[in-house]
Amino acid sequence: MRTTEVMDYHFINSDIHSFVQDLNDRLANRIKTFIITANPEIIMYAGQDSQYREIIHEADYIAPDGAGVVIASRILGTPLMERITGFDLMQELLKSAEEKSYSVYFLGAEPEIIKQAVSKIQKDFPRLNIAGYHHGYIHDDKPIVNEIRQKQPDIVFVGLGFPKQEQWIHQHLKDFNHGLFMGVGGSYDVIAG
Ligand code: UDP
């Protein structure tokens, strides 16, 4: 996958469909994958938090989420092809997961919100294999990590807001044998409506 360095980060420089194709190849080969969709807020925050910056550098992919990142890339003379938002990427991954029968786990948001969001997703993608879901107000990670380990979903969407979601994925990635992990911010709130 082609990447271009902008402001010290190697961003995906591709259209969303080629990116999803690449992710599908990784899913087919059960390669563990950590994606960060980095918007300007995330980049700004990382400038002040070196641990978070390290987490971003350790991700397998950094997608340019936010027009600001794409505009900055042009000004800096290292243009990125297009903006890839976390929300769009999630929708494209759900679409291909339904087609290819990849199972999906949803983590994050308030209890009532995640329930509504999953029910909406099930309606939008009727053949989607939903491995499970859990709200994001977690006091003890262990039961959730165990549930995900047991269910072995192919894709895990983590909506705890940044920086929490990336910290959570980074902390627990070693606990899982496979899976594509991605932070989705407030997407469940948007889906639930
Ligand atoms: N959230 C969560 N657990 C937390 C904090 C936040 O599940 O401990 C959820 C929150 O309910 C919302 C999402 O994370 O669905 C995004 O939260 P926020 O608006 O704070 O972050 P942003 O959208 O700015 O990344």
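Predicted model: local features only at pLDDT ≥ 70, side-chain atom pairs only at ≥ 80, totals over all residues.
Reader: What radius of gyration does the chain have, and what would a compact globule have?
Author: The C-alpha trace spans about 45 × 35 × 35 Å along its principal axes, and 38% of the 193 residues count as buried. A compact globule with 193 residues would have a radius of gyration near 16 Å. The value for the chain agrees with that, because it is 16 Å.

Reader: How many helices and strands does the chain have, and how many bridges join strand 1 to strand 2?
Author: The secondary structure comes to 9 helices and 8 strands. Strand 1 (residues 3-6) and strand 2 (residues 9-12) run antiparallel and form a hairpin with 2 residues between them. In the turn, Met 7 has a positive phi of about 50°. Glu 5 has His 10 in strand 2 as its bridge partner, and the bridges that join the two strands number 4.

Reader: Why are the buried residues of helix 2 on the same side, and which residues are exposed on the other side?
Author: Helix 2 (residues 40-48) has Ile 42, Ile 43 and Ala 46 as its buried residues. They cover an arc of only 100° around the axis, so they lie on the same side of helix 2. An α-helix has 3.6 residues a turn, so residues three or four places apart point the same way. On the other side of helix 2, the exposed residues are Met 44, Gly 47 and Gln 48.

Reader: Is Lys 151 buried or partly exposed?
Author: Lys 151 is in helix 7 (residues 142-151) and touches Tyr 105, Ala 131 and Gly 132, not counting residues up to four places away in sequence. Its C-alpha atom is separated by 9.1 Å from that of Ser 103, 48 residues apart along the chain. A residue is buried if 20 or more other C-beta atoms lie within 10 Å of its own, and exposed if 12 or fewer. Lys 151 has 13, so it is partly exposed.

Reader: Which residues around the ligand come nearest?
Author: By class, the shell has 5 nonpolar, 6 polar and 3 charged residues. Of the 14 residues around the ligand, those that come nearest are Ala 109, Gly 136, Gly 161, Gly 185 and Gly 186.

How values were computed. Residues numbered from 1 in each chain as written. Near = placed C-beta within 6 Å. Nonpolar A, V, L, I, M, F, W, Y, C, P; charged D, E, K, R; others polar. Rg over C-alpha atoms; globule rule 2.2 N^0.38 Å. Arc of directions from axis to C-beta. Pairing = 2+ DSSP bridges. Contact = placed C-beta atoms within 7 Å.
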